[in-house]
Amino acid sequence: MKRNLVLILAAFVFGVFVSACESSSSKDTTGKLKLELTDAPFPTDLVAEANVTIDKIEIRKSGESEENPFVLLSEEERTFNLLTLSNGVTANLVDMEIEVGSYDLIRLYVANAEIVLKDGTKYDLKIPSGAQTGIKIFIDPSIEVAGGLTAELLLDFNVSKSFVVQGNQDTPAGINGFIFKPSIKASNLSTAGRLVGTVFGAEDAGLEGAEVSVIAADTVYTATFTNENGEYTVLGIDAGTYNVEFAKEAYNSGSVEGVEITAANQTKLDVTLDVVEESTEGE
């Protein structure tokens, strides 16, 4: 009886040991990848929707020499109105375990793209290569997936650059169509920061619809617009120093130089814009 009990106990301990080893091995060989989608907003009041249908996502492992170095992340067909994904709002594309390692390229397959104006007019757009070979989005620097940890990657879909207006965008009748030229930036959220704040107008009220532009080397790095409370959020900004410009019709523009963005942290920046004073010349 004692011998049987000892054998049963030994078998149990061995089973626990094997299970722990397998768990540890799995933890060392896979990590979690989270892939989010957001948008730098489209600066026209005539557009109601900017829709893209994504039906496949792949990621490439750095340094792989085999014929197909890509790892399949998703084949689920999903449609997103990119205009709803701004000012800090994101949509989850992928949340899964993948092999540990360094990854340097995303391939995003876009099956359809569509613009819908606020008057109901729809424009189905030609996909240049997104449906056949995928839109290539380089990850620079590469993102590292470590065992048992989560790596987060943000895809910033710049709508204003991706959906190019043909004609006069000031009126629906002036728009002749759109050309789809995908412009997407990948940001590693472990090495990028975010900028948040509020733009105030008269009587310290939040100013809706003010444009917030992050400037790097005299070029717009990314931009957003304030919400109904004057608040804004800009995600996925690489760590560094930037100038930030603020603009709103009927208000004097504002600029703040030397804004520090820190990796994996939040920088808060509030500003107040003054109303443009009416000219009194000739009175």
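## Cavities, cores and ring pairs

Strand β13 makes the greatest contribution to the lining of the second largest pocket, with 3 residues. The model is a predicted one, in which local features need pLDDT of at least 70 and side-chain atom pairs count only at pLDDT 80 or more, while totals for chains, interfaces and linings use all residues. Residues are numbered from 1 along each chain as its sequence is written, and side-chain values use heavy atoms, with hydrogens and water left out.

**The second largest pocket.** This pocket holds about 180 Å³ of space. It is lined by 13 residues, of which L189, G193, R194, L235 and G236 are the closest to its centre. Strands β13 (192-200) and β16 each supply at least two of the lining residues. By class, the lining splits into 5 nonpolar, 6 polar and 2 charged residues. Here Ala, Val, Leu, Ile, Met, Phe, Trp, Tyr, Cys and Pro count as nonpolar, Asp, Glu, Lys and Arg as charged, and the others, Gly among them, as polar. Pockets and cavities are both found on a 1 Å grid over the protein atoms alone: a cavity is a set of points where a 1.4 Å probe fits but cannot get out, a pocket is an open set with protein on both sides within 12 Å along at least five of seven lines, and lining residues have an atom within 4 Å of a point. Grid points are joined across faces, edges and corners, and a volume is the space filled by probe spheres set on the points.

**Cavities.** Searching the whole structure gives 2 cavities of 30 Å³ or more. The table sets out their volumes and the make-up of their linings.

| Cavity | Volume | Lining residues by class |
|---|---|---|
| Largest | about 70 Å³ | 4 nonpolar, 6 polar, 2 charged |

The largest cavity is lined by T38, D39, A40, N87, G88, D156, T222, A223, T224, T233, V234 and L235.

T53 is buried, with a relative accessible area of 7%; buried means under 20% relative accessible area, exposed over 50%, and partly exposed in between (1.4 Å probe, protein chains only). Setting aside neighbours within four places in sequence, T53 contacts E77, R78, T79, Y109, V110, A111 and N112, where contact means heavy atoms within 4.5 Å.

**Nonpolar cores.** The largest nonpolar core contains 45 residues, and I106, L155, F163 and F178 have the most contacts inside it. Strand β6 (residues 101-117) provides the largest share of this core, 7 residues. A core of this kind is a set of buried Ala, Val, Leu, Ile, Met, Phe, Trp, Tyr and Cys residues joined through side-chain atoms within 4.5 Å. Beyond four places in sequence, L155 touches L35, E36, L37, T38, L93, I106, L108, I137, I184, K185 and A186. Another core lies apart from the largest one and has 18 residues, including V212, V244, Y251 and L269.

**Aromatic pairs.** The whole structure contains 5 aromatic pairs. Rings of Phe, Tyr and Trp (its six-membered ring) pair if their centres lie within 6.5 Å; planes under 30 degrees apart count as stacked, over 60 as edge-to-face and the rest as tilted. F163 and F180 form a tilted pair, 5.1 Å centre to centre with 45° between the planes. This pair joins F163 in strand β10 (residues 163-167) to F180 in strand β11 (residues 175-180), 17 residues apart. F163 is buried at 0% relative accessible area, and F180 is buried at 4%. The ring centres of Y221 and Y242 are 5.3 Å apart and their planes stand at 55°, so this pair is tilted. Y221 is in strand β15 and Y242 in strand β17 (residues 240-247), so the pair ties together parts 21 residues apart in sequence. Y242 is buried, with a relative accessible area of 7%. Ring pairs also link F157, F163 and F180 into a cluster.

**Whole chain.** The secondary structure comprises 2 helices and 20 strands; helices (H or I, at least four residues) and strands (E, at least two) are DSSP runs, numbered from the N terminus. Of the 283 residues in the chain, 41% are buried. Among contacts between residues at least 6 apart in sequence, 70% join residues at least 24 apart.
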